[in-house]
Amino acid sequence: MNAVVAAVAIMLVLSLCRVHVVVALIAGAIAGGLLGGLGIEGSLAAFNKGLGGGATVALSYALLGAFAVAIGKSGLAHALADKVLAVLGRKEVSGGGAVKWMLVGLLLAVAISSQNILPIHIAFIPLLVPPLLYVLTKLQIDRRLIACVLTFGLITPYMFLPVGFGNIFLKEILLANVAKSGADVAGVAVTQAMLIPALGMVTGLLIALFSYRKPRAYELQKVDGSVQAGVQYSPLTLLVAGVAIAVAFAIQLWLDSMIIGALAGFVIFSVSRVVRWREADDLFTEGMKMMAMIGFIMIAASGFAEVMRETGQVKTLVDASAQLIGNSKAVGALLMLLVGLLVTLGIGSSFSTVPIIAAIFVPLSMELGFSTLAIVSLVGTAGALGDAGSPASDSTLGPTAGLNVDGQHNHIWDTVVPTFLHYNLPLLVFGWVAAMVL
């Protein structure tokens, strides 16, 4: 059996059996390395080599976490929760009432904004969602719906909007790697290439809104009631939070650095004394703790990815697929998308998948006669496939981090499986259609 297929299968089966994701990634990596001929020492060496790349991502999340904690300190999230609770106090609202859909729309808007307007990615979730859990539980909103909404907001913007994380994915990773692999991307409108796949994500979201529309009961007494007491905030702290967010966004656009933008926002909180100087160290530590589990999983996923590269069997997998393709563009597009899905499920990152598959997919697509626009769409979709539904993806880890604060939301069965079904399947269909019609 192909080492990549075996490694991903072992990781997914262990995760579905409720083995911790880090353990599942390590076990899958070692098994894949052994099947790939690396031996135990070679597998461990490759795994350790890959940890360095994941450490950079983990540090970035830790710094973004510190900025997010500072935003939480300002009381912005609790002010929002208090407003929603006030509306609930004035109205008799059922699980399908207007407040429910207002809340779902709000979380969707914030998730989308976290990829471009305020590029702190998943760092907003552990701060914004827990204060709202009391409201979600009282309204009996199915948390699987919220997981799907948040995951949509974390993935679709970078697939389609060339701002913030989208600018990195679409231009610096997707177009750059397609060009590097031999295709002429001059004049290619990347948003046009990714429009149809993005519509697949929209379709998945609409299906999720229907699938999880019914009320689902959770134990209210388990929900942290701190939102009712609230965090102290004032018009000044909320104003400072708004200024810090605007400055962080402006600097991110100016310097093309999300980290520097986050640090600038944190400095504004410190100078304004919303975050006191003597508290700054503790807040940084709190932000790092908040993102620690996600950081460790991303580090382990990076090690897993390096073992898969060292086996050389990603290329073997693609070559085997190429033999099945023949001269059929339809079969070729489908198999390339399935390989992208498999690789991303294991690695957990679309950003890391594209460089791996572009070098092989682009020449193959050109040989089959796909247009440049179709090639960009095909590689971009193949990379994005699996980001939703991967146990090691930050797009699934983030929602779980916020929704499982009270222990009533399972990462695999309440986030990973629902997002896999509602996004990967439509994305496969729409990605295939895009490759065939562009």
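Which hand does the crossing of α16 and α17 have? In this predicted model, the crossing of these two helices is right-handed. Helix α16 spans residues 329-347 and helix α17 spans residues 350-368; their axes come within 10 Å and cross at roughly 165 degrees. An angle over 145 degrees counts as roughly antiparallel, and α16 and α17 are therefore roughly antiparallel to each other.

On the α16 side, the contact is made by Lys329, Gly332, Met336, Val339, Gly340, Val343, Thr344 and Ile347. The α17 side contributes Ser350, Ser352, Thr353, Ile356, Phe361, Leu364, Ser365 and Leu368. By class, the residues of this contact divide into eight nonpolar, seven polar and one charged.

Gln140 lies in the loop between α6 (125-138) and α7 (143-160). Its phi is near 55 degrees, a positive value in a residue other than glycine. With a relative accessible area of 35%, Gln140 is partly exposed, because that class covers values between 20% and 50%.

The average pLDDT is 80, and 87% of the residues score at least 70. Helix α9 (residues 190-211) has the highest confidence, at a mean of 94, while helix α10 (residues 226-229) has the lowest, at 46. Over residues 225-229, pLDDT stays under 50. For that stretch, the model has seven contacts beyond four places in sequence.

How values were computed: Residues are numbered from 1 along each chain as its sequence is written. This is a predicted model: local features need pLDDT of at least 70, side-chain atom pairs count only at pLDDT 80 or more; totals for chains, interfaces and linings use all residues. Side-chain values use heavy atoms; hydrogens and water are left out. Axes are lines fitted to C-alpha atoms, for helices over the stretch in contact, and angles run from 0 to 180 degrees between N-to-C directions. Helices (H or I, at least four residues) and strands (E, at least two) are DSSP runs, numbered from the N terminus. Angles under 35 degrees count as roughly parallel, over 145 as roughly antiparallel, 65 to 115 as roughly perpendicular and the rest as oblique. A crossing is left-handed if the near helix is turned anticlockwise from the far one by less than a right angle, and right-handed if clockwise. Contact means heavy atoms within 4.5 Å. Ala, Val, Leu, Ile, Met, Phe, Trp, Tyr, Cys and Pro count as nonpolar, Asp, Glu, Lys and Arg as charged, and the others, Gly among them, as polar. pLDDT is the predictor's confidence in each residue, from 0 to 100. Buried means under 20% relative accessible area, exposed over 50%, partly exposed in between (1.4 Å probe, protein chains only).
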